[in-house]
Amino acid sequence: VNPFVLPSNALLKSVNMTHNRVGQLSTRAGYVAFLNAVDANSVRSLIPFVKNDGSTKRLLRVSGTAVYSWDYAAANWGASIKTLTDSTVPLGAVFFPDTNKLVCGNGVDVTFSFAGTTLANIAAAPLGKYFDVYQNRVVTSGVVANPFRVYASKIADETNWTEDAADASAAQHIDVNGIIYGQKVSADKVTIFHSNGIARWDIDSKVELPTSVALANAASLTANEECWFFANKAAIYVYNNLSFPKAVSRSIETIFRNGAKASAGTVVSAAYKDIVYFSLGATTDIDAETISNCLAAYSYQDNYFEIHSLAHLITAMAVTATGLLVFGDSVGNTWEWNSGVLDSTSTINGHIETPPLFTSKELTVFDTVTVFSNGAPIDVFYSVNGGEHRALGTVDSTVKTFAFPPDTMGNYIQFNFASAAAFTLSGLIVSPRSSRKGER
(Lines give C-alpha, C1' and ligand atoms only; values in the text may rest on other atoms or scores of the structure.)
Protein backbone atom coordinates (compact mmCIF):
# COMPACT_ATOMS: atom_id res chain seq x y z
CA VAL A 1 0.00 0.00 0.00
CA ASN A 2 1.37 3.43 -0.96
CA PRO A 3 1.79 5.31 2.36
CA PHE A 4 1.07 8.64 0.64
CA VAL A 5 -2.48 7.61 -0.31
CA LEU A 6 -3.57 6.31 3.09
CA PRO A 7 -6.58 8.12 4.59
CA SER A 8 -6.04 10.57 7.41
CA ASN A 9 -7.33 8.17 10.06
CA ALA A 10 -5.07 5.27 8.99
CA LEU A 11 -1.80 4.02 10.45
CA LEU A 12 1.20 2.93 8.42
CA LYS A 13 2.34 0.45 11.07
CA SER A 14 0.95 -1.07 14.23
CA VAL A 15 2.80 -3.98 15.86
CA ASN A 16 1.73 -5.75 19.05
CA MET A 17 -1.26 -3.43 19.39
CA THR A 18 -5.01 -4.06 19.52
CA HIS A 19 -7.73 -1.47 19.05
CA ASN A 20 -11.24 -1.11 20.40
CA ARG A 21 -14.47 0.29 18.98
CA VAL A 22 -13.69 3.86 20.09
CA GLY A 23 -10.31 3.83 18.34
CA GLN A 24 -7.97 3.41 21.29
CA LEU A 25 -4.80 1.42 20.61
CA SER A 26 -3.44 -0.71 23.45
CA THR A 27 -0.53 -3.12 23.82
CA ARG A 28 -1.85 -6.64 23.32
CA ALA A 29 -1.99 -9.24 26.07
CA GLY A 30 0.69 -11.93 26.16
CA TYR A 31 0.73 -15.66 26.74
CA VAL A 32 1.63 -18.03 29.57
CA ALA A 33 2.78 -21.64 29.78
CA PHE A 34 0.08 -24.22 29.13
CA LEU A 35 1.03 -27.55 30.74
CA ASN A 36 4.62 -28.82 30.63
CA ALA A 37 7.13 -29.12 27.79
CA VAL A 38 6.87 -32.89 27.52
CA ASP A 39 9.55 -33.01 24.80
CA ALA A 40 11.63 -30.54 22.77
CA ASN A 41 10.18 -31.38 19.35
CA SER A 42 8.13 -29.00 17.22
CA VAL A 43 4.42 -29.36 18.03
CA ARG A 44 2.70 -30.35 14.76
CA SER A 45 -0.88 -30.87 15.91
CA LEU A 46 -3.18 -30.01 18.81
CA ILE A 47 -6.53 -31.85 18.64
CA PRO A 48 -9.43 -31.45 21.12
CA PHE A 49 -11.67 -34.42 21.93
CA VAL A 50 -14.98 -34.29 23.84
CA LYS A 51 -17.44 -37.16 24.10
CA ASN A 52 -21.07 -36.58 23.17
CA ASP A 53 -22.19 -36.32 26.79
CA GLY A 54 -19.19 -34.20 27.82
CA SER A 55 -18.03 -36.85 30.27
CA THR A 56 -14.56 -37.18 28.74
CA LYS A 57 -12.42 -34.25 27.64
CA ARG A 58 -8.95 -34.66 26.17
CA LEU A 59 -6.44 -32.69 24.14
CA LEU A 60 -4.06 -34.61 21.87
CA ARG A 61 -0.60 -33.29 21.08
CA VAL A 62 1.65 -34.57 18.28
CA SER A 63 5.38 -33.77 18.46
CA GLY A 64 8.23 -35.81 17.08
CA THR A 65 6.80 -39.29 16.60
CA ALA A 66 4.79 -39.23 19.84
CA VAL A 67 1.09 -38.66 20.42
CA TYR A 68 0.29 -37.39 23.93
CA SER A 69 -3.08 -37.04 25.63
CA TRP A 70 -4.02 -34.47 28.26
CA ASP A 71 -6.85 -35.14 30.70
CA TYR A 72 -8.41 -31.75 31.53
CA ALA A 73 -8.22 -32.60 35.23
CA ALA A 74 -4.44 -33.14 35.10
CA ALA A 75 -1.66 -30.59 35.58
CA ASN A 76 0.62 -31.92 32.82
CA TRP A 77 0.60 -33.85 29.56
CA GLY A 78 0.18 -37.57 30.05
CA ALA A 79 2.59 -40.20 28.77
CA SER A 80 2.78 -40.94 25.06
CA ILE A 81 -0.20 -43.04 23.95
CA LYS A 82 1.05 -43.84 20.44
CA THR A 83 4.26 -43.78 18.43
CA LEU A 84 4.01 -42.74 14.80
CA THR A 85 6.33 -43.62 11.95
CA ASP A 86 6.34 -40.12 10.49
CA SER A 87 7.70 -37.09 12.37
CA THR A 88 6.85 -34.32 9.90
CA VAL A 89 3.21 -34.52 8.75
CA PRO A 90 0.47 -33.02 10.97
CA LEU A 91 -2.11 -35.48 12.28
CA GLY A 92 -5.56 -34.96 10.77
CA ALA A 93 -8.57 -35.83 12.91
CA VAL A 94 -12.34 -35.52 13.26
CA PHE A 95 -14.79 -36.43 16.01
CA PHE A 96 -17.32 -39.02 14.81
CA PRO A 97 -20.49 -38.62 16.91
CA ASP A 98 -22.03 -41.90 15.74
CA THR A 99 -19.42 -43.97 17.60
CA ASN A 100 -18.19 -41.32 20.07
CA LYS A 101 -14.61 -41.55 18.77
CA LEU A 102 -11.91 -39.40 17.25
CA VAL A 103 -10.71 -40.71 13.87
CA CYS A 104 -7.09 -39.79 13.11
CA GLY A 105 -4.51 -40.20 10.33
CA ASN A 106 -1.39 -38.67 8.81
CA GLY A 107 -1.28 -40.37 5.41
CA VAL A 108 1.61 -42.61 6.45
CA ASP A 109 0.62 -44.61 9.53
CA VAL A 110 -2.50 -46.76 9.75
CA THR A 111 -5.60 -44.66 10.42
CA PHE A 112 -6.74 -45.10 14.03
CA SER A 113 -9.53 -44.15 16.42
CA PHE A 114 -9.30 -42.69 19.92
CA ALA A 115 -12.09 -43.13 22.48
CA GLY A 116 -10.63 -41.11 25.34
CA THR A 117 -8.40 -43.79 26.81
CA THR A 118 -8.16 -46.53 24.19
CA LEU A 119 -6.75 -46.57 20.65
CA ALA A 120 -7.71 -48.90 17.81
CA ASN A 121 -6.24 -49.23 14.34
CA ILE A 122 -8.72 -49.00 11.44
CA ALA A 123 -6.96 -51.35 9.07
CA ALA A 124 -9.52 -51.03 6.25
CA ALA A 125 -9.48 -47.22 6.16
CA PRO A 126 -7.62 -45.32 3.42
CA LEU A 127 -4.37 -43.68 4.57
CA GLY A 128 -5.88 -40.19 4.60
CA LYS A 129 -4.53 -36.94 6.06
CA TYR A 130 -7.70 -34.83 6.04
CA PHE A 131 -10.89 -35.87 7.87
CA ASP A 132 -14.46 -34.66 8.23
CA VAL A 133 -17.91 -36.04 9.02
CA TYR A 134 -20.69 -35.78 6.44
CA GLN A 135 -24.12 -37.45 6.46
CA ASN A 136 -23.04 -39.81 9.26
CA ARG A 137 -19.93 -40.90 7.35
CA VAL A 138 -16.24 -40.28 7.96
CA VAL A 139 -14.82 -38.53 4.90
CA THR A 140 -11.08 -38.56 4.19
CA SER A 141 -8.62 -37.52 1.49
CA GLY A 142 -4.93 -36.78 1.05
CA VAL A 143 -4.05 -40.41 0.30
CA VAL A 144 -0.60 -40.49 -1.32
CA ALA A 145 -1.49 -43.40 -3.60
CA ASN A 146 -4.66 -41.62 -4.83
CA PRO A 147 -4.12 -37.87 -4.33
CA PHE A 148 -7.20 -36.96 -6.43
CA ARG A 149 -9.67 -39.14 -4.49
CA VAL A 150 -12.08 -38.48 -1.63
CA TYR A 151 -13.40 -41.45 0.36
CA ALA A 152 -16.51 -41.79 2.52
CA SER A 153 -17.05 -44.64 4.99
CA LYS A 154 -20.18 -46.70 5.45
CA ILE A 155 -22.89 -44.80 7.30
CA ALA A 156 -22.34 -44.87 11.09
CA ASP A 157 -19.26 -47.10 10.81
CA GLU A 158 -15.75 -45.65 10.61
CA THR A 159 -14.27 -49.15 10.26
CA ASN A 160 -16.12 -50.16 7.08
CA TRP A 161 -14.77 -48.80 3.76
CA THR A 162 -16.11 -51.50 1.42
CA GLU A 163 -18.07 -50.15 -1.53
CA ASP A 164 -21.26 -51.88 -2.70
CA ALA A 165 -23.32 -50.42 -5.57
CA ALA A 166 -26.40 -52.25 -4.28
CA ASP A 167 -26.17 -50.70 -0.78
CA ALA A 168 -26.78 -46.96 -0.51
CA SER A 169 -25.32 -46.92 2.99
CA ALA A 170 -22.03 -48.49 1.86
CA ALA A 171 -18.72 -46.66 1.42
CA GLN A 172 -18.32 -44.28 -1.53
CA HIS A 173 -15.56 -42.35 -3.33
CA ILE A 174 -15.18 -39.56 -5.87
CA ASP A 175 -12.25 -38.24 -7.91
CA VAL A 176 -11.65 -34.50 -8.35
CA ASN A 177 -9.69 -32.55 -10.98
CA GLY A 178 -6.52 -31.91 -8.99
CA ILE A 179 -4.28 -32.99 -6.13
CA ILE A 180 -6.19 -32.52 -2.87
CA TYR A 181 -4.69 -30.22 -0.22
CA GLY A 182 -7.59 -30.01 2.21
CA GLN A 183 -11.33 -30.41 2.75
CA LYS A 184 -14.13 -28.96 4.87
CA VAL A 185 -17.81 -29.79 5.29
CA SER A 186 -20.59 -27.23 5.05
CA ALA A 187 -24.26 -27.88 5.81
CA ASP A 188 -24.99 -29.51 2.48
CA LYS A 189 -21.72 -30.63 0.84
CA VAL A 190 -18.10 -31.70 1.25
CA THR A 191 -15.89 -28.93 -0.15
CA ILE A 192 -12.56 -30.17 -1.49
CA PHE A 193 -9.67 -27.78 -2.10
CA HIS A 194 -7.34 -29.08 -4.80
CA SER A 195 -4.54 -27.91 -7.09
CA ASN A 196 -6.86 -26.83 -9.92
CA GLY A 197 -9.79 -25.36 -8.04
CA ILE A 198 -12.54 -26.31 -5.61
CA ALA A 199 -14.94 -29.25 -5.83
CA ARG A 200 -18.19 -29.80 -3.93
CA TRP A 201 -19.57 -33.30 -3.32
CA ASP A 202 -22.80 -34.53 -1.73
CA ILE A 203 -22.17 -38.29 -2.20
CA ASP A 204 -24.62 -38.41 -5.11
CA SER A 205 -23.01 -35.76 -7.34
CA LYS A 206 -19.95 -33.52 -7.70
CA VAL A 207 -19.54 -29.94 -8.96
CA GLU A 208 -16.14 -28.48 -9.95
CA LEU A 209 -15.44 -24.76 -9.49
CA PRO A 210 -12.37 -23.88 -11.58
CA THR A 211 -10.23 -21.21 -9.92
CA SER A 212 -6.57 -20.27 -9.92
CA VAL A 213 -6.67 -19.97 -6.13
CA ALA A 214 -5.29 -23.16 -4.59
CA LEU A 215 -4.87 -24.12 -0.95
CA ALA A 216 -1.21 -24.62 0.00
CA ASN A 217 -1.69 -26.76 3.12
CA ALA A 218 -4.58 -27.99 5.23
CA ALA A 219 -3.16 -26.49 8.45
CA SER A 220 -3.98 -23.00 7.13
CA LEU A 221 -7.65 -23.92 6.57
CA THR A 222 -9.99 -22.87 9.36
CA ALA A 223 -13.57 -21.66 9.75
CA ASN A 224 -15.83 -19.54 11.90
CA GLU A 225 -19.63 -19.54 11.87
CA GLU A 226 -19.78 -17.59 8.60
CA CYS A 227 -16.80 -18.39 6.38
CA TRP A 228 -13.70 -20.43 5.75
CA PHE A 229 -10.24 -18.92 5.69
CA PHE A 230 -7.04 -20.27 4.20
CA ALA A 231 -3.63 -19.24 2.87
CA ASN A 232 -1.35 -20.15 0.03
CA LYS A 233 2.00 -18.61 -0.93
CA ALA A 234 0.32 -15.53 -2.42
CA ALA A 235 -2.31 -14.36 0.05
CA ILE A 236 -4.88 -15.07 2.75
CA TYR A 237 -8.38 -15.80 1.42
CA VAL A 238 -11.96 -15.92 2.65
CA TYR A 239 -14.50 -18.32 1.10
CA ASN A 240 -18.18 -18.76 1.93
CA ASN A 241 -19.54 -21.27 -0.63
CA LEU A 242 -21.48 -18.48 -2.39
CA SER A 243 -18.57 -17.07 -4.39
CA PHE A 244 -14.98 -17.73 -5.36
CA PRO A 245 -12.20 -17.25 -2.76
CA LYS A 246 -11.41 -13.57 -2.14
CA ALA A 247 -7.95 -12.33 -1.11
CA VAL A 248 -8.14 -10.20 2.05
CA SER A 249 -4.47 -9.66 2.91
CA ARG A 250 -3.58 -6.79 0.57
CA SER A 251 -3.06 -4.39 3.49
CA ILE A 252 -0.30 -6.67 4.85
CA GLU A 253 0.94 -7.93 1.48
CA THR A 254 4.65 -7.30 2.13
CA ILE A 255 4.53 -8.80 5.61
CA PHE A 256 2.65 -11.86 4.36
CA ARG A 257 4.81 -12.63 1.33
CA ASN A 258 8.04 -12.13 3.28
CA GLY A 259 6.87 -14.53 5.98
CA ALA A 260 8.99 -17.67 6.27
CA LYS A 261 5.95 -19.93 6.72
CA ALA A 262 3.96 -18.14 4.00
CA SER A 263 6.74 -18.50 1.41
CA ALA A 264 7.13 -22.18 2.35
CA GLY A 265 3.37 -22.81 2.19
CA THR A 266 3.24 -23.91 5.85
CA VAL A 267 1.00 -21.26 7.42
CA VAL A 268 -1.10 -22.53 10.34
CA SER A 269 -4.33 -20.89 11.48
CA ALA A 270 -7.18 -20.97 13.98
CA ALA A 271 -10.48 -19.13 14.33
CA TYR A 272 -11.10 -17.89 17.87
CA LYS A 273 -14.10 -15.77 18.83
CA ASP A 274 -14.22 -12.92 16.27
CA ILE A 275 -10.58 -13.21 15.12
CA VAL A 276 -8.79 -15.57 12.71
CA TYR A 277 -5.09 -16.06 13.52
CA PHE A 278 -2.38 -16.92 10.97
CA SER A 279 1.17 -17.85 11.98
CA LEU A 280 3.46 -16.43 9.27
CA GLY A 281 6.90 -17.01 10.80
CA ALA A 282 9.76 -14.50 10.72
CA THR A 283 9.10 -11.67 8.26
CA THR A 284 9.91 -8.07 7.36
CA ASP A 285 7.70 -5.06 6.69
CA ILE A 286 7.82 -2.41 3.95
CA ASP A 287 10.84 -0.76 5.64
CA ALA A 288 12.67 -4.11 5.89
CA GLU A 289 12.23 -4.08 9.66
CA THR A 290 12.05 -7.55 11.21
CA ILE A 291 8.88 -8.91 12.79
CA SER A 292 9.82 -12.02 14.75
CA ASN A 293 7.50 -15.03 14.68
CA CYS A 294 4.72 -12.99 13.12
CA LEU A 295 1.11 -13.68 14.06
CA ALA A 296 -1.46 -11.95 11.83
CA ALA A 297 -4.86 -11.50 13.51
CA TYR A 298 -7.73 -10.89 11.07
CA SER A 299 -11.11 -9.45 12.03
CA TYR A 300 -13.54 -10.68 9.37
CA GLN A 301 -16.42 -8.47 10.51
CA ASP A 302 -14.36 -5.26 10.39
CA ASN A 303 -11.93 -6.38 7.64
CA TYR A 304 -8.63 -5.40 9.25
CA PHE A 305 -5.43 -7.10 10.39
CA GLU A 306 -3.43 -6.68 13.56
CA ILE A 307 0.22 -7.71 13.38
CA HIS A 308 1.97 -9.22 16.38
CA SER A 309 5.62 -10.09 16.96
CA LEU A 310 6.00 -13.09 19.30
CA ALA A 311 8.83 -14.57 21.32
CA HIS A 312 8.05 -18.09 20.02
CA LEU A 313 7.18 -19.55 16.61
CA ILE A 314 3.64 -20.93 16.48
CA THR A 315 3.46 -24.32 14.72
CA ALA A 316 0.01 -25.57 15.80
CA MET A 317 -3.15 -24.00 17.25
CA ALA A 318 -6.40 -25.25 18.76
CA VAL A 319 -9.34 -24.13 20.86
CA THR A 320 -9.85 -26.31 23.92
CA ALA A 321 -13.19 -27.62 25.19
CA THR A 322 -13.05 -24.93 27.89
CA GLY A 323 -12.68 -22.14 25.32
CA LEU A 324 -8.97 -21.39 25.53
CA LEU A 325 -6.85 -20.68 22.46
CA VAL A 326 -3.64 -22.67 22.90
CA PHE A 327 -0.69 -23.07 20.59
CA GLY A 328 2.41 -25.20 20.31
CA ASP A 329 5.78 -23.86 19.25
CA SER A 330 8.84 -25.06 17.35
CA VAL A 331 10.73 -26.23 20.47
CA GLY A 332 8.05 -28.27 22.24
CA ASN A 333 6.31 -25.70 24.44
CA THR A 334 2.55 -25.17 24.60
CA TRP A 335 1.07 -21.79 25.51
CA GLU A 336 -2.24 -20.19 26.46
CA TRP A 337 -2.89 -17.11 24.31
CA ASN A 338 -4.22 -13.77 25.55
CA SER A 339 -3.07 -14.11 29.14
CA GLY A 340 -0.66 -11.97 31.14
CA VAL A 341 1.46 -8.98 30.06
CA LEU A 342 4.52 -10.89 28.80
CA ASP A 343 5.23 -13.44 26.07
CA SER A 344 6.25 -16.02 28.66
CA THR A 345 9.14 -14.01 30.16
CA SER A 346 9.71 -11.66 27.19
CA THR A 347 8.61 -8.04 27.07
CA ILE A 348 5.95 -7.10 24.52
CA ASN A 349 7.13 -4.02 22.63
CA GLY A 350 4.25 -2.09 21.12
CA HIS A 351 4.95 0.19 18.13
CA ILE A 352 2.79 2.60 16.10
CA GLU A 353 3.74 4.71 13.07
CA THR A 354 1.70 7.30 11.16
CA PRO A 355 1.78 7.80 7.39
CA PRO A 356 3.89 10.70 6.03
CA LEU A 357 2.46 14.18 6.71
CA PHE A 358 3.58 17.16 4.63
CA THR A 359 4.36 20.19 6.79
CA SER A 360 4.04 23.89 5.98
CA LYS A 361 6.98 25.84 4.58
CA GLU A 362 6.69 28.26 7.49
CA LEU A 363 6.19 26.75 10.93
CA THR A 364 4.11 28.58 13.54
CA VAL A 365 3.02 27.93 17.12
CA PHE A 366 0.02 26.13 15.68
CA ASP A 367 2.13 23.37 14.10
CA THR A 368 1.82 20.78 16.85
CA VAL A 369 0.98 17.19 17.59
CA THR A 370 -1.11 16.37 20.66
CA VAL A 371 -0.92 12.88 22.11
CA PHE A 372 -3.52 11.42 24.47
CA SER A 373 -2.30 8.59 26.71
CA ASN A 374 -3.94 6.19 29.11
CA GLY A 375 -1.50 3.99 31.00
CA ALA A 376 2.26 3.71 30.83
CA PRO A 377 4.42 6.56 29.44
CA ILE A 378 4.70 6.66 25.64
CA ASP A 379 7.96 7.55 23.91
CA VAL A 380 7.31 9.77 20.90
CA PHE A 381 9.67 9.86 17.91
CA TYR A 382 9.61 11.55 14.53
CA SER A 383 11.39 11.09 11.21
CA VAL A 384 11.88 13.49 8.32
CA ASN A 385 11.49 12.33 4.71
CA GLY A 386 11.77 8.69 5.77
CA GLY A 387 15.03 9.19 7.68
CA GLU A 388 16.10 7.92 11.08
CA HIS A 389 13.80 8.11 14.07
CA ARG A 390 14.56 10.99 16.43
CA ALA A 391 13.27 11.42 19.98
CA LEU A 392 10.58 14.08 20.37
CA GLY A 393 9.71 13.44 24.02
CA THR A 394 7.65 11.30 26.38
CA VAL A 395 3.98 11.46 27.22
CA ASP A 396 4.04 10.70 30.94
CA SER A 397 0.55 11.97 31.78
CA THR A 398 -2.82 11.82 30.07
CA VAL A 399 -2.09 14.41 27.36
CA LYS A 400 0.90 16.29 25.98
CA THR A 401 1.45 18.63 23.03
CA PHE A 402 4.69 18.80 21.05
CA ALA A 403 5.75 21.52 18.62
CA PHE A 404 6.96 20.44 15.19
CA PRO A 405 10.78 20.46 15.18
CA PRO A 406 12.33 23.13 12.89
CA ASP A 407 13.90 20.51 10.58
CA THR A 408 10.43 19.33 9.53
CA MET A 409 9.53 22.59 7.79
CA GLY A 410 8.42 21.93 4.22
CA ASN A 411 9.18 18.21 4.53
CA TYR A 412 7.35 14.98 5.18
CA ILE A 413 7.14 14.06 8.86
CA GLN A 414 6.14 10.75 10.43
CA PHE A 415 5.38 10.16 14.09
CA ASN A 416 6.28 6.97 15.92
CA PHE A 417 5.04 5.80 19.31
CA ALA A 418 6.61 3.00 21.32
CA SER A 419 7.05 1.65 24.84
CA ALA A 420 8.53 -1.42 26.50
CA ALA A 421 5.61 -1.34 28.95
CA ALA A 422 1.93 -1.81 28.14
CA PHE A 423 0.43 1.47 26.96
CA THR A 424 -2.72 2.89 25.40
CA LEU A 425 -2.80 5.61 22.76
CA SER A 426 -6.23 7.18 23.22
CA GLY A 427 -5.97 9.86 20.56
CA LEU A 428 -3.73 11.90 18.29
CA ILE A 429 -4.37 15.38 16.89
CA VAL A 430 -1.98 16.63 14.23
CA SER A 431 -1.59 20.34 13.49
CA PRO A 432 -4.16 21.56 10.93
CA ARG A 433 -1.31 23.22 9.02
CA SER A 434 -0.14 19.80 7.75
CA SER A 435 -1.59 18.47 4.50
CA ARG A 436 -3.22 15.58 6.38
CA LYS A 437 -5.57 17.40 8.67
CA GLY A 438 -7.58 16.47 11.67
CA GLU A 439 -7.73 13.84 14.32
CA ARG A 440 -6.38 10.30 14.26
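Author: Gladly. The structure holds 18 aromatic pairs. Keep in mind that this is a predicted model. The rings of Tyr-31 and Trp-337 have their centres 6.3 Å apart.

Reader: How are the planes of Tyr-31 and Trp-337 set, and what is the pair called?

Author: The planes stand at 25°, so the pair Tyr-31 and Trp-337 is stacked. The cut-off for stacked is under 30 degrees.

Reader: Where in the chain do Tyr-31 and Trp-337 lie?

Author: In distant parts of the chain. Tyr-31 is in strand β4, residues 31–33. Trp-337 is in strand β31, residues 334–337. They are 306 residues apart.

Reader: Are Tyr-31 and Trp-337 buried or exposed?

Author: Both Tyr-31 and Trp-337 are buried.

Reader: Which residues do ring pairs link into a cluster with Tyr-31?

Author: The cluster holds Tyr-31, Tyr-277, Phe-327, Trp-335 and Trp-337.

Reader: Now strands. What holds strands of a sheet together?

Author: Strands of a sheet pair through backbone hydrogen bonds, and the pairing is either parallel or antiparallel. Here, β4 and β31 run antiparallel, joined by three bridges. Tyr-31 stands opposite Trp-337 in that pairing. These two also form the stacked ring pair.

Reader: Which other strand pairs with β31?

Author: Strand β30, residues 325–329, pairs with β31 over three bridges, again in the antiparallel sense. Phe-327 stands opposite Trp-335 of β31. Phe-327 and Trp-335 both belong to the ring cluster.

Reader: What do β30 and β31 form, and how many residues lie between them?

Author: They form a hairpin with four residues between the strands. Look at Gly-332 in the turn: its phi is positive, about 95°.

Reader: Where is Ile-203, and is Ile-203 buried or exposed?

Author: Ile-203 is in the loop between β19 (197–201) and β20 (206–210). Its relative accessible area is 13%. The cut-off for buried is under 20%, so Ile-203 is buried.

Reader: Next, whole sheets. In what order do β13, β14, β15 and β16 lie?

Author: The order is β13-β14-β15-β16. The sheet is open and its pairing antiparallel. At the edges are β13 (130–134) and β16 (172–175), each pairing on one side only. Neighbouring strands of this sheet are turned by 20° against each other on average, direction ignored.

Reader: How many bridges join β13 to β14?

Author: Five bridges join β13 to β14, residues 137–141. Follow one of them: Tyr-130 has Ser-141 as its bridge partner in β14.

Reader: Now a single residue. Where does Thr-27 lie, and is Thr-27 buried or exposed?

Author: Thr-27 lies in strand β3, residues 25–27. Thr-27 is buried, with a relative accessible area of 13%.

Reader: Which backbone nitrogen lies 2.9 Å from a polar atom of the Thr-27 side chain?

Author: That of Phe-423. Leaving aside neighbours within four places in sequence, Thr-27 is in contact with Asn-16, Met-17, Ile-348, Ala-421, Ala-422 and Phe-423.

Reader: Last, cysteines. What is a disulfide, and how many does the structure hold?

Author: A disulfide is a covalent bond between the sulfur atoms of two cysteines. The structure holds zero disulfides. Cys-104 is buried, with a relative accessible area of 0%. Cys-294 is buried too, at 1%.

Technical notes: Residues numbered from 1 in each chain as written. Predicted model: local features only at pLDDT ≥ 70, side-chain atom pairs only at ≥ 80, totals over all residues. Heavy atoms only, no water. Pairing = 2+ DSSP bridges. Helix = DSSP H or I, 4+ residues; strand = E, 2+ residues; numbered from the N terminus. Axes fitted to C-alpha atoms, helices over the stretch in contact; angles between N-to-C directions. Buried < 20%, exposed > 50% of the residue type's maximum accessible area, 1.4 Å probe, protein only. Polar contact = N/O pair within 3.5 Å; in protein donor to acceptor, adjacent residues only side chain to side chain. Contact = heavy atoms within 4.5 Å. Disulfide = S-S within 2.5 Å. Phe/Tyr/Trp six-rings, centres within 6.5 Å; stacked < 30°, edge-to-face > 60°.
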